[in-house]
Each structure stands twice: as structure tokens, then as C-alpha cells.
Amino acid sequence: MTQQPQRPPFADWLSKTNDITRTFLAASRVPGLINMAGGLPEPTTFPVAELAAIAAEVVHQHKQDVLGYGPVEGLPELRDALAKRFSSPELTLTRANVFVTSAGMQGLDLLGKVLLEPGQLIACQFPTYLGALDAWRPRSPTYRNIVLEDPAFDAVAALAGAQFAYTVPNFSNPSGRLVDVETRQALVDAAHRTGTWLVEDDPYGTLHYDGPPLPRMIDLSARARPGTPYAGPVVYMGTLSKEIAPGLRVGWVIAAPGFIEALAMAKLGADLCTSGLTQRVALAAIEAGLIEKIQPTILDIYRKRRDALCVAMREHLSEWLDWEVPVGGMFVWAVGRDPSLDTDALLPHAMAAGVCVAPSSVFDATGRNRRALRINFTRNDESQLTEGVRRLARAFEAMGVSRA
């Protein structure tokens, strides 16, 4: 019998992912489980009728754009619309500053491709979005954690020597924190001083429930050269996934023209171009004011769900966890009052109790932070959130976690 040749092994980075991520991504398929782990929007907020009408129209009116290949940088009209949308008195943008991606995740992937050689340093707001860690994992980077709320935070020291600094200043995933204006300005000043690229990932910026929005870091950066097309060190990223619907898979990167050119080279080896159909739908939705039309409903639903979750947590979880009520976004970040709490070990008890939450280890490049939980409030209604919290309390009791 002929012996089969041994096939080459899979790439080493694949063995460095974690089972926990796969567990809560699969949670939606478990009958009766209340999934509070993912960052999922409420499907009833999707403007189905409006999008269906727009899609039918653009297929007939823009056959070549919709059904053919398109420019790697994105549909020119959509780039123009995004430049107009994000321009401000401080920030001047042109088409050359805008790059369209297949949702926000592709932006993160391309960022790693154009800036990282294996083993190079990233400065990351800590804790860090797990999708970003996954996107850059094949390049085996090293990480410097930057804790922006630390009173001793030194922005220049944090950014110096890094290939780029990654931040989510509006309602960070996973912590839900809103970075204050002083810290934003310090990061911008440090980027200009050190030359380090400063990434401002902003998928949740429109999900603001309390108080006024704060200035974007790219706007603060643009004040250095007012009235000229942006050419500074801030890279601003966004997506329609939380504003309209994630299935559109349309995102963007706004940056200096040279950065946009580098992204185009990387995207050629990824998907050549983002779907022309979804780009045309996105353009028509933006021009029709669809985001502004549905946003009040989205904010009203999510604000009520956030409040319901925090009320239930105060009633059932305050003996074990501390947290702050977020002023926006999709998440509550709850930290164990007992320093020895291991939320990786808690997860199986939670699953057995019928609820899934995200343990903090997946938001730490080293996996060592095991004391906290990320809890999503946008996907479930108030009664489900309350029941989910009750189930989580039973998981704490089953695990025998000490009470404060």
C-alpha cells in the first residue's frame, strides 16, 4: 500500500487563537441560551423596506457599478460623500483622503498589512478589541498596553517606537469608556511629536446616549494645518455596521493620501474591490439621510436596554462585580471585586446556566487579564437582559465566587 505523503502543517499563528472566542461566537446556535457576549445590533432597527427599495433602484440605474469590478479605493461618488460627511470646520477632506473597505474588519486587516513586519510593536488602548488582535495575529506583533484613564498616562512614552497606536475613543470595545478631550489631545500631540500613526477606530461614535459628542482626534489633528486637505498622522476608521446594518459590509478609512495609496496596494491582494452593490446602496442611503432617520429609534432602544441591564446588575451582581454605566456604545465592562476572580473559569458555569458573556482574557494580547466581563446590552430586550443577569448570578453561585 502506498504511503500518503505528509502534508505541510498549517501556519503557526492558527494555533495561537483561543477556544473562548469560538465558544461565544457559536452561542447564537444554542437553543434557549441568552447571548450577551457578542457586539450585535438589534435586527428590528434595520431599515429593511428602505434598503430593499434602494437596492432595486441601484441595480437598474447603475448596472456597471453594481455588477462589474470597481476601483480598488472605492466608488468615487461614495468616497466624495464620505469626505463631505466627515469634513468639519477644522478638517478638510477630499476623495484622496477616503478609502472604502469591506466593513471595519477589513480596515484593521489592511492596517496590519501596510504597517507591520513580523514582531513589530503596537501600542494598544487596554483592554483591546479582540477583532483587532485577531486581525494582526498572523504578523505576530508585540504589544504595549496603554491605559488611557491612568492618571500617570504619558502619551509620548506610550506612542514612541510603536508602528502605530490603536484606540477606540468613543465607547471602547470592550470597556465602553469614553476617552476625555484632554487625553485625546495628548494622544494627537504625541502622534505629531513622535511620528507614530494614531488609529482612531470609531464604530460606535453615533451611539451616544448621554451628553454631547466629543471632538474626534482627526479633527484635533487637523488644527495644525487648517484649510488644507488632511495629511496628518491620525487614521480614522468607521463602518455602517452599527449605523445601518452589518450585512452591508461597508466601512472606510480616512487618512493622509499616502496612507490611502498604501491601503490600495494591500487591498489588491485581498478582494480587489468592495462590493459595488453595497457601495451603491450605502451611497444612496447616506444621500437620502437614512442614518439620521433611524438613529433616534436606535438610540431610544439601546438607552432603555442599557438602563435595564444596569438595574438588573445592581440587584443581582453587585456583590461580585463593579462597573460604570456607559454613556454610549454597546457594552458594560464589569470587573470582579475579588482580585482572584477567573472569568475564563466562570464561562462554563455561565453556559450551563443558560447565558453567555465575554471573559476579559480575549481582550488582552497576553490572555492574562481574567478578572472582568464584557456584557452586551444591544441585542436582547429588557426582559431577556434581566433574565440573563439572573442566570449569570447563578453561575457565580455555582462557581463559589466569594461575595464582597
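This is a predicted model: local features need pLDDT of at least 70, side-chain atom pairs count only at pLDDT 80 or more; totals for chains, interfaces and linings use all residues.

Visitor: How many helices and strands are in the chain?
Guide: The chain has 14 helices and 13 strands. These are DSSP runs numbered from the N terminus, with at least four residues of H or I for a helix and at least two of E for a strand.

Visitor: What share of the residues is buried?
Guide: Buried residues account for 51% of the 404 in the chain. Buried means under 20% relative accessible area, exposed means over 50%, and partly exposed lies in between, using a 1.4 Å probe and protein chains only.

Visitor: Strand β10 next: is it mostly covered or uncovered?
Guide: Strand β10, residues 331–336, is mostly covered, with five of its six residues buried.

Visitor: Which strand does β10 join through five bridges?
Guide: That is strand β13 (residues 372–376), and the two run antiparallel. Here A334 has L373 in β13 as its bridge partner. Strand β10 is also joined to β9 (residues 321–323) by three bridges, again antiparallel, and L321 stands opposite G336. Two strands pair if DSSP finds at least two bridges between them.

Visitor: New topic: how many salt bridges are found in the whole structure?
Guide: The search finds 21. A salt bridge is a side-chain nitrogen of Lys or Arg within 4 Å of a carboxyl oxygen of Asp or Glu.

Visitor: Which side chain does R280 meet in a salt bridge?
Guide: R280 meets E77, at 3.2 Å from N to O. R280 belongs to helix α11 (residues 276–287) and E77 to helix α4 (residues 76–86), so the pair ties together parts 203 residues apart in sequence.

Visitor: Is R280 buried or exposed?
Guide: R280 is buried, at 8% relative accessible area, whereas E77 is partly exposed at 37%.

Visitor: What about R216 and D219?
Guide: Their side chains meet in a salt bridge of 2.6 Å, N to O. R216 is buried at 17% relative accessible area, and D219 is buried at 5%.

Visitor: Which residues are linked in a network of salt bridges?
Guide: The network links E387, R390, R391 and R394.

Key
Residues are numbered from 1 along each chain as its sequence is written. Side-chain values use heavy atoms; hydrogens and water are left out.
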